[in-house]
Amino acid sequence: MGSRILFAGGGTGGHLFPGIAVAEELLNNNSALEIIFAGSRRGIEQEIINQTPYEHLAIEIEPSTEFRRHPVRFLWRFKQACRQAAIELKRIDPQVVVGLGGFASLPFMWAAHRQKRPAILLEQNIIAGRATRFCSHWAHKVCLSFPDTKGKLSRRIEKVVTGNPVRKEIREIALQTPEQNHKPKLIILGGSQGSVSLNKFVLQAYVDLKSELAGWEIWHQTGVQDYETVEKQLNELGLNITCAPFFQQPEDLYRGATLAVCRAGATTLAELALVGIPAILIPYPYALADHQTANARYYEQHGGALVLPESELQMDAGNPSEPLTNPLSKLLKSLIQDSQQRMEMARSMSNLAYPEAARKVAELIQNYLD
């Protein structure tokens, strides 16, 4: 029987996609490996894993945000989740456990520590998340996406800067020769779950820049919650827009993209960097420790992106004679009109890529199997 590896965590695509990228690399080198993903019962998590060949083991676990509202219930259910994770780990018997971040990783990382199993962490953001900070006291190594990751990690854990692993389909786009004379392409990404507020600001920008965007191809990922509302408004604009709650084929989304408007999740940024797509970044303002702003500022400081805080995007109905009251419209218009700046930003974005990240993480895991 081949070796087993369990990837623990998730809750969002930003946590899962790096794990999927590493799993692809591991299987490419050793097809006899058995890969299992373990995490919560959140819909987006199960939807993403269902698009892969990997088994998904889901346990009952509440998000950490429930602690303040229902502390007794939360602690009891977390204890139950840890017991269930310990039972499942003994049943599956993985040779290595890989923590992907997110609260759902904690029970499995704790169980791996108690059962003395090798454990590796992946940290996507420039400010280490709570799960990574907790688990750093139990794991052997942590793979960092940024050279100067901040956060109180255990002093004992070995820190390795690998970059954030990106899925094979996206890595392959970076190797392709760009098509000549294709339409410029704008992509809108609110993360795997979408962003209602980002959609609102972008919709206003479409109205403001209808003539400027007339020759552009636009791909807009809305999230499930806002899809019907956004689609209805888009149909009235007459622009060339492909709209979906979530794009299952990332290669179609990124291929030929000229410019992105998006949140500043670390995995999205790693994907944009690998393909060399400049971006306007609107960080999610309520992210833990404001880590999306920290991610965004890093890319801005290195020339690959421009940051527009959501606090500056409080739209005014404005005067009809002055349509660009939306700061996003102003910034987007300047980049639409300045191809030289877009090219310079694209080069800077590419310089921030870690094309070998998945391979490096896979090698670290493989060392525990040999």
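These notebook entries record what I looked up in one predicted model.

**Entry 1. Ground rules**

I worked from a predicted model, in which local features need pLDDT of at least 70, side-chain atom pairs count only at pLDDT 80 or more, and totals for chains, interfaces and linings use all residues. Residues are numbered from 1 along each chain as its sequence is written, and side-chain values use heavy atoms, with hydrogens and water left out. Helices (H or I, at least four residues) and strands (E, at least two) are DSSP runs, numbered from the N terminus.

**Entry 2. The sheet**

I began with the strand order. Seven strands form an open sheet, ordered β3-β2-β1-β4-β5-β6-β7, with parallel pairing; two strands pair if DSSP finds at least two bridges between them. At the edges I found β3 (55-58) and β7 (158-161), each of which pairs on one side only. From one strand to the next the twist averages 25 degrees. I noted that strands of a sheet pair through backbone hydrogen bonds, either parallel or antiparallel.

**Entry 3. Strand β4 and its partners**

I then turned to β4 (residues 96-99). Strand β1 (residues 4-8) is joined to β4 by four bridges, and the two run parallel. Here I5 stands opposite V96. Three bridges link β4 to strand β5 (residues 119-123), again in parallel, and V98 faces I120 of β5. Between β4 and β5 the chain passes through helix α5 (residues 105-114), and this β-α-β crossover is right-handed (with the strands pointing away from the viewer, the path from the first strand over the helix to the second runs clockwise). I also checked the faces of β4: V96 and V98 on one side, and V97 and G99 on the other, are all buried (under 20% relative accessible area; exposed is over 50%, partly exposed in between, with a 1.4 Å probe and protein chains only).

**Entry 4. Strands β6 and β7**

Strand β6 (residues 141-144) pairs with β7 in the parallel sense over four bridges. The bridge partner of V142 in β7 is K159.

**Entry 5. Residue E123**

I located E123 in strand β5. E123 is buried, its relative accessible area being 4%. Beyond its neighbours within four places in sequence, E123 is in contact with residues including A128, T132, V142, C143 and T149 (contact means heavy atoms within 4.5 Å).

**Entry 6. Two helix pairs**

Two packed helices are described by the angle between their axes and the distance between the axes. Axes are lines fitted to C-alpha atoms, for helices over the stretch in contact, and angles run from 0 to 180 degrees between N-to-C directions.

For α11 (residues 266-275) and α12 (residues 291-301), I read axes that come within 10 Å and cross at roughly 20 degrees. The two are therefore roughly parallel to each other (under 35 degrees; over 145 is roughly antiparallel, 65 to 115 roughly perpendicular, the rest oblique). A266, L269, A270 and A273 of α11 meet N295, A296 and Y299 of α12.

For α13 (residues 327-337) and α14 (residues 339-351), the axes come within 5 Å and cross at roughly 95 degrees. That makes α13 roughly perpendicular to α14. L335, I336 and Q337 of α13 make the contact with S339, Q341, R342 and M345 of α14.

**Entry 7. Helix α15**

Is helix α15 (residues 357-366) mostly covered or mostly uncovered? I found it mostly covered, with seven of its 10 residues buried. Among them are V361, L364 and I365.
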